Amino acid sequence: MSDLTWMVPLPVVLPLLGAGLTLTFSHRPRAQQIVTITVLALVVAIAGALLVAADTEGPQVVWLGGWDSPLGISLVADRLATLMLLVSAVVTLLVLLYSLGQGMTGDESETPVSVYHPTFLVLVAGVANAFLAGDLFNLFVAFEMLLFASYVLLTLGGTGARIRAGTIYVVVNILSSSLFLISLAAVYAATGSLNLAQLAGRLESTPDHVALILQLLLLTTFAIKAAIFPLSFWLPDSYPTAPAPVTAVFAGLLTKVGVYAILRVQTLLFPDSPLTDLLLWAALLTMVVGILGAVAQSDIKRMLSFTLVSHIGYMVFGIGLASKAGISGAIFYVAHHITIQTALFLVVGLIERRAGSTALLRLGGLVRLSPVLALLFFVPAMNLAGIPPMSGFIGKVGLLQAGLADGGWLAIVLVIGGVLTSLLTLYAIAKTWALAFWRTPEQAHEMARALPEMEGSTEHTDQGMVVHRDHVHVAGAAFGRVDLEDARRVVDDESPDRDLYQLLRDGALPSRLPGSMVLPTAALIAISLLLTLVAGPLFAFTDRAADDLIDRTPYLSAVLEGDS
Amino acid sequence: MLALVAAHFAIAAFSPAFVHWWGRRAFLVLASVPLVTFLWALSLTGRISDGEVLVQAWEWLPGLHLELAFAMGTLQWLMALIVSGIGVLVLAYCAWYFADDDPALPMFSGVFTGFAGAMLGLVLADDLLILFVFWELTTVFSYLLIGSDPAKRASRVAAMQALIVTTLGGLAMLVGMLMLGEQTGTHRISEILADPPSGDWTTIAVILLLVGAISKSALFPLHFWLPGAMAAPTPVSAYLHAASMVKAGVYLVALMAPAFSHVPGWHEIVLTLGVITMLLGGWRAIRQYDIKLLLAYGTVSQLGFLLVLFSEGTRSATLAGLGMLLAHALFKAALFLVVGIIDRSTGTRDLRELSGVGSQMRWIGIAATLAGASMAGLPPLLGFVGKESVFAALLDVAQSPDGDGTGLSPLAAWVVLGGILLGSVFTVAYTARFLWGAFATKPGTAPTVVRPVPVGFAASPILLAGATIVLGFVGPGLTHLFEPHLELYPEGYHHAELALWHGLGLPLLFSLIVFALGTWLFTKRIVFSQLQAALSPSRSADGAYRAVMRFVDRSAVEVTGLAQRGSVAAYLAFILLVVLAVPGAVLISSLGDGFDVVVWDNPAQAVVGALTIVAAFFTVRSRRRMRAVVLVGITGYGTAMLFLLHGAPDLALTQILVETTSLVVFVLVLRRLPEYFTDRPLSPRRYLRMALGAAVGIAVAGFMLLTTNARSEDPVSVGFPGPALEYGGGRSIVSVTLVDIRAWDTMGEISVLVAAATGVASLVFLDTRISGIRRVYQIPYPEAVQKIPTGPGRRVWLPGPRTLSPDRRSIIFEVVTRLIFHTMVLLSVYLLLAGHNHVGGGFAAGMVVGLALMVRYLAGGRYELDEAAPIDAGVLMGFGLFVATAAALVPLAFGGTVLQSAEFHFHLGILGDPHMVTSLLFDVGVYLVVIGLILDLLRTLGSRLDRQILREERAEEQAVRL
Amino acid sequence: MNANLTLILVASSLIGAGVYLILERSLTRVLVGLVMMSNGVNLLFMIASGPAGNAPVIGSTDLDDMADPLPQALVLTAIVITLGTVAFLLAMAHRSWQLNGNDDVQDDVEDAAIRRLALADEASDSHDLSMSATEEDAATDEVYEEEGTTA
């Protein structure tokens, strides 16, 4: 097979090129669509080719601009990176198709396509660059690319709720970026280099306590991106307000970039001090606190955001074990989770489209209303809950086996925690299913009205969950800074004032879902099921990837005396 | 075997279509697959009874020791027959049970058939994990089936209960399985059973497996979900919750018993819970009015009974168990189906309303009576045969010295036997109650109106009842068939055999006593009921479940309320505290040895530094927005000075340009915001903030001290100068680094700028990215200005009169601006070209143009800006990004790598003839992007806000006028 | 390599002051704080680049007393990104002012709602599922007694 290293930068350059073009053609939506789709399709193809190359011929390395080691910036496409690249490329392509199908309706006025396309492409480029980066500072730049793009996408339309959510997201991430820069300054001060491969060598000669500090600084930075407890609280407040496809791609990819960074840096730079216990504790708390959050929610989007956080814990669990089995399981789980979480948020978008809301208080009877939708929700939801034989189950089994093989008491505790988490995930999902899909809209309407303190004013019921909470549960206790006015503002610009029952009664809903939205969703779900069929080879692949990470020589040799 | 299982799922996938075409008759088609399975299993009878074991296995996930393995020995064969056989009958029964127009039918048919497949897979699986896969699938399908009338709240709740309870058990079981696998290195059931591991690890694993079995087979204290599950349609109850799924736990125990019945805890757990369950179920069954619920509690009782038998671990008990297993499947399914018929044809299941049904549906009555008799253990039915051998087997355990090989103490064995006897009494009692309640003609109750029952509807129960008779007579034959499984156990105290006649002896006596007491209990039902009402326990397991779930919900809310403060400040504080706690702690621990420091490289640093710090201090204190911004600007300029003093002129230049731009942008926005930050009183919180700030500052200082001192090697950049000149073709190493060595970073950086600018635009022009440029000639002259005709061709030198209200004009400023503008643009071009060798570069150049544009805007307003740059900012940036990336790609065409650059010379008139490198093209891209950025900021935060302000002013004027 | 005390002092005080500001409620102040932090952070790179020197322009000085160019390039990138940050956050502050009449950072509403639930010792909306599945037979007991007495 011919040398493919020249391809390595393309997954970053092509989307940027596309971003430039789509901006230049601001006035021609059609052209923009063509450009974007072509670029993303190309990226998928390239990622696939690189995956094969990395698996058959070892890591593909390119020194950009021909500035060889140790001067320039290197991009490295090894097994792990290419796998992440391929999965994310496929997911982004499908999400884009979905958002085209959606025509960003529901945000028709809010989201000018000429903002959407370039920003989305920059996001894709940033993600790809983060996976390929062989240089810590370049990793920082990659993060900034995807972050800025995400800032824009998150605040599309600038509604009250999105600005509120956006503020939390932006400020937290800017702080984490500063933290990243501080860590980089420290790393450079201590070693005089930022290239990962060189650092791997130089850090061995740095004193242990200094190395440990550097490791912890980087870990903290990445933990914020990956939303690991106690650095995870910002996520559920910020993701759910964005338009469905945006939330989907965020949930699927952004946190995983953080996980990837942790995995890469831990294994490559600090193989001797894996900080096992620290990571395991973090994983446990992430899982449990996260899933409890999911149980507490009464809006599907937020519920899913919390399961997202919670399941990050599984991956950290695998990384924390620092054994081949653990890391392999973690990688597999990442691949699974990217597809499934994205798919679920796309489905939620469909729900919003079909039923006008995602608040459990307003939903009901979706099984009857749209069996297709029910199927599209049920399958990935059960997959998320780890119901066999789907990929979630396989990933979980891999991690649990790794935990039991480890045998340490903390690992055992993690196994128990993991099992409970998946049970609670199932509970949260079954709750959603029972309320939104089984219960009839009339019942939902009646229940909302029948809530004790609600009598008299249907307006309040119609104001939706938040305000309804004000009436039902506050019992006069003025709590927090959010008063009724703020609450009402959010509810008003977030979702219509009528619940599903009323919307149906008034015939205010689209009678069916556009195929252009359903098809990408279905395709993504099909892919997630495909993961089960190819689980054998895929797991073998992640095993090989884990091997590469643990004995670092493939990476190091490829970069340092690689053929470039 | 795999093929058969797959066939089930395949036809399940199509069943909605079938239902769509043929309505409820589709079930007859669906029944074909289980029928084939049944015949296939039947055809194997000979080979199985010769002790043969069929095995199929495929690799699936070697990484996890997960094989797609199936095996069929005696036990699996029996289960397969039950599952498929009853499956056929129930599916056929569905064809009459449902109405064609039932909207739930398509989904139901699919799920139901799917369940049959999963159940078959479960009993055939020879890999623990595969078994778990099907185990969980049955759980999910049963969840959907229980909820198949979702409008009923009770069924939703019941479905949830069943799901949570059985999944909890299932997950415990999964961990147990993985532990076994971890120990034996395989998940193949046959291999594990062949040489079972031992030790504490095994004990725990096995107990976890038992938890799974207990939850699935509804043993106390996890029994409560089963009665609830009766919310499902009757065929579901008959199949899942009587004949097949609830037997899964029994099956698992029966499977494991030969290898693990001596594991400590096994007997204690299963025997105790089994007996309790049998008594509890019977006790509650006697109280029921809903004849379906009565059967449900009866099933709970019987399941406890079966688990006791299989967990004993003796040959005779196992044989009895197999007999009862078969018997129970037959009669319980039959009875449920009868209930369904009664329900459908009378419209009620309440035995207080039913009267004289027996006389109106005679055949069904007879079938039910036979089935009931079998349940009560009357000869000559299979139930009797089973019961007899049960008593015999338990007697062996109680009488033989070593508990017939189980090691049970005689006392324990007698207790078990007593429990079983009492349970059997209850069984007789509730059987009588059922038959009386369903069919008897009750004085004082109006005879129930019964719709005629089609033959097909009645066929299934009658067939099942028939089977109980026939099999009753072939006990020895069955014993022979079961031999291969029995041989897993040592020959017991007596030779065990299923037979109608065991001769006179205790077992027969027991049967008689049980029957007598049972019937007596039934006749005394009124008295007994009052007794029960008196004794009825205040708290049920069901209540406990609800309490637990409530607790989960509550703690979820509490924890979330605690963690999700919802405020940015809180989250930032969390992050900073983590930084202090984790790396900070290490820092403190490693501050032992001193550091080599220099106070300053040159005193000037100290002076500038002091000024900067002072500025920072006042920034923190200032309560006016503008002041804070100006002060932070000063810290910025101070930083620039420090850069310069450190030997970084490019940095200093850029910093100053950026700082100035930021200032302008700040001013543009701040004119809209209130002058003071807030009128909120200073909160005591601020001391915490100060503390946190100080701590973080100190920590960072510590990090830098530590790390700088740790440096042992030269930076990689010592290698830069040579190549920078030869290879990069530039003298200014920083510029070469930016546009060549690390051009990749720069490319990312400009894409960041593009994204940021786009974001600003999308936040300011909420509707569209296109910013409506208006040329001067499009604007009408205000009154009282002498007109000069202009058109697209002609340009005015100073458009001010036309575009600005006189009171806002400063002619001098405008004139000066017009004069310096082009000079600045020219300068920028020079910087762009010279950048490679001297201070400058694309970025600085772009910023200079940006400044020029700002001045134009500030002097002449937004129209002047559009005159200066009549182009859409977005397009400009996009083009810039395009140029840069294209420049990056070009080298690929010449077989180079991305961003590779080549050097060449050319003339540029007065600007001299510098070395040109292709990377210049890249730099041009940067240049354009930066100009675009500034233009964009001016258009959005400048022009657009102008318009908004203007609009508001006009609105106010309107308001005043009106 | 020696650490430059002055620079460290300046950098850490800028960062400290920045931290104090970003914990404020007013978005403008947060932004000011972030800008100040980033200035401090950029100085850290100067510290990391070792002793001061002359501008790294070949020919203008000999290589030995030339400042380390790499951190300079990095900081340049960082500065530019900061500019993007400033612009975007200002736009957000302005939008927030348009919506709320101030640029205060808003708290999250859903979280507030959940905290209210916690305060009122409530669980979230699962009341639908918090009842007994088998209450029918629980109910029958009473009826039974009646029948028992009448029969």
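1. Let's start with a crossing: helix H16 of chain B passes helix H22 of chain B in a right-handed way. Handedness has a rule: a crossing is left-handed if the near helix is turned anticlockwise from the far one by less than a right angle, and right-handed if clockwise. Helices here (H or I, at least four residues) and strands (E, at least two) are DSSP runs, numbered from the N terminus. This is a predicted model, in which local features need pLDDT of at least 70 and side-chain atom pairs count only at pLDDT 80 or more, while totals for chains, interfaces and linings use all residues. Residues are numbered from 1 along each chain as its sequence is written, chains are lettered from A and ligands numbered from 1 in the order in which they are written, and side-chain values use heavy atoms, with hydrogens and water left out.

2. What is the angle between H16(B) and H22(B), and how far apart are their axes? H16(B), residues 315-346, and H22(B), residues 475-486, pack at about 125° with axes 10 Å apart. Those axes are lines fitted to C-alpha atoms, for helices over the stretch in contact, and angles run from 0 to 180 degrees between N-to-C directions. The angle makes H16(B) oblique to H22(B); under 35 degrees counts as roughly parallel, over 145 as roughly antiparallel, 65 to 115 as roughly perpendicular and the rest as oblique.

3. Who does the touching here? H16(B) brings B:Arg315, B:Thr318, B:Leu319, B:Leu322, B:Gly323 and B:Leu326, and H22(B) answers with B:Leu478, B:Thr479, B:Phe482, B:Glu483, B:His485 and B:Leu486. Contact means heavy atoms within 4.5 Å. Sorted by class, this contact has six nonpolar, four polar and two charged residues. For the classes, Ala, Val, Leu, Ile, Met, Phe, Trp, Tyr, Cys and Pro count as nonpolar, Asp, Glu, Lys and Arg as charged, and the others, Gly among them, as polar.

4. Most residues other than glycine have a negative phi, and most peptide bonds are trans. Yet a cis peptide bond, with omega about 0°, joins A:Pro388 and A:Pro389, and A:Pro389 lies in the loop between helices H15 (371-384) and H16 (391-406) of chain A. Chain B has a cis bond too, joining B:Pro379 and B:Pro380 with omega about 0°; B:Pro380 sits in the loop between helices H18 (362-376) and H19 (382-399) of chain B.

5. Check phi at two alanines as well. A:Ala227 has a positive phi of about 60° although it is not a glycine, and its loop runs between helices H8 (208-226) and H9 (234-238) of chain A. For B:Ala218, phi is near 55°, also positive, and this residue is in the loop between helices H10 (200-216) and H11 (225-228) of chain B. Buried or exposed? A:Ala227 counts as buried at 0% relative accessibility, and B:Ala218 is buried at 0% too. (Buried means under 20% relative accessible area, exposed over 50%, partly exposed in between, with a 1.4 Å probe and protein chains only.)

6. B:Arg188 is worth a click. This arginine lies in the loop between helices H8 (153-184) and H9 (189-194) of chain B, and counts as buried at 9% relative accessibility. B:Arg188 and B:Asp127 are 61 residues apart along the chain, but their C-alpha atoms are separated by 4.3 Å. Not counting residues up to four places away in sequence, B:Arg188 touches B:Val55, B:Ala57, B:Glu67, B:Ala69, B:Asp126 and B:Asp127.

7. Finally, chain C. How many helices and strands does chain C have? Its secondary structure comes to five helices and one strand, in the order β-α-α-α-α-α along the sequence. Of its 151 residues, 75% count as buried.
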